[in-house]
Amino acid sequence: MTTRHQALIAALPKVELHLHIEGSLEPEMMFELARRNGVTLPYASVDDIRAAYRFENLQSFLDLYYAGAGVLIEERDFYDLTWAYLRRAQTDNIVHCEIFFDPQTHTGRGIPFATVYRGIRRALDQAKAELGISSKLILSFLRHLSEEDGLQTLEAARPFLAGIDGVGLDSSERGNPPAKFARLFAECKTLGLPRVAHAGEEGPADYIREALDVLDVCRIDHGVRILEDSELVARLARSRTPLTVCPYSNVRLKVCDTLEQHPLRELLAAGLCATINSDDPAYFGGYLQENWLGTTHALKLERTEIVQLAINAFEASWLDAADKAMHIAACRRIAATFPD
Ligand code: ADE
Ligand code: ZN
């Protein structure tokens, strides 16, 4: 993918705010971990796995995504997975990432919460020390499961909360509205955990409103269906509540027909704090920089829009004010060296 603004995009320091670590499990690693752990996969080869990645909707993806995560057993598997993502992130000039993990995907198979957490945590700490990549870790609850299951997961997480920066809500959106998790998110708020939620991906714009009003989230994951509700657009533009948009994901899961029809430009034009993210890069055909390049090319984004997207990502992050200001100044300085 070549685009007029390729050099600018490569040079800008980047932030990833919507990345499911289980969604970075590449077929090669899936095969290797299956071998290492004696897990039988329903695929004969890596090519077979890739060929299966043709999705009709969110659910058809989730079915394969949860099955694929079944090869993750030992602490070192979670470490290897996270470290591979972080090494890849460095090549995309990512300087900060906020990563989801789905503990229930693993505890439901008998893997202890501690095994999952410790493997991921070790890689994140190593990335800070060796790659200079800072991070936040977000425990994401599965919305197709019960609120009770979520409350039990929060109990399992309690000994590790010093290393968990916030909570999220993901999985099958339709029929699982944010309000289903009102008590759980209220408990997380009491614990001082910042909250985010997937909303308005496949589900209606009303789920975005509910995530804000009932779960008191500070960021909406996806949120592309907000454009169906002009009052909500005005509200989020005013509050600058960020949307973590994932263009390649939206096309692969048929939220949008084509990248050319993706609403990112409309979201920016409405004054929303939209950002670009990869969601599940091993499944959707591209990591963060590919999402940036592909989307810029398809939507013919202008230099000012690209710089705005880079700045939005820092604004939307959970970095402290001084770090945000430092990175945003760097974005402006670098952008100034790339004339239109
Ligand atoms: N889990 C992993 N990726 C997801 C997505 N795009 N939507 C909801 N849940 C997810
Ligand atoms: Zn997601």
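How many disulfides does the count come to, by the rule that a disulfide is a pair of cysteine sulfur atoms within 2.5 Å? The count is zero. The model is predicted: local features need pLDDT of at least 70, side-chain atom pairs count only at pLDDT 80 or more, and totals for chains, interfaces and linings use all residues. Residues are numbered from 1 along each chain as its sequence is written, chains are lettered from A and ligands numbered from 1 in the order in which they are written, and side-chain values use heavy atoms, with hydrogens and water left out.

Select C97 to begin. Its nearest cysteine sulfur belongs to C246 and is 14 Å away. C97 has a relative accessible area of 0% and is buried (under 20% relative accessible area, 1.4 Å probe, protein chains only).

Next, select L86. Beyond its neighbours within four places in sequence, L86 is in contact (heavy atoms within 4.5 Å) with C97, A123, L124, A127, L131 and I133. L86 and Y85 have the most contacts inside the largest nonpolar core, which has 115 residues. Such a core is a set of buried Ala, Val, Leu, Ile, Met, Phe, Trp, Tyr and Cys residues joined through side-chain atoms within 4.5 Å. Helix α7, residues 113-131, gives this core its largest share, nine residues (a helix is a DSSP run of H or I, at least four residues, numbered from the N terminus).

Finally, select ligand 1. Residues around the ligand (a heavy atom within 4 Å) include H20, F61, Y65, H198 and H222. A nitrogen atom of ligand 1 is 2.7 Å from a side-chain N or O atom of D279.

Definitions and conventions:
Buried < 20%, exposed > 50% of the residue type's maximum accessible area, 1.4 Å probe, protein only. Helix = DSSP H or I, 4+ residues; strand = E, 2+ residues; numbered from the N terminus. Polar contact = N/O pair within 3.5 Å; in protein donor to acceptor, adjacent residues only side chain to side chain. Disulfide = S-S within 2.5 Å.
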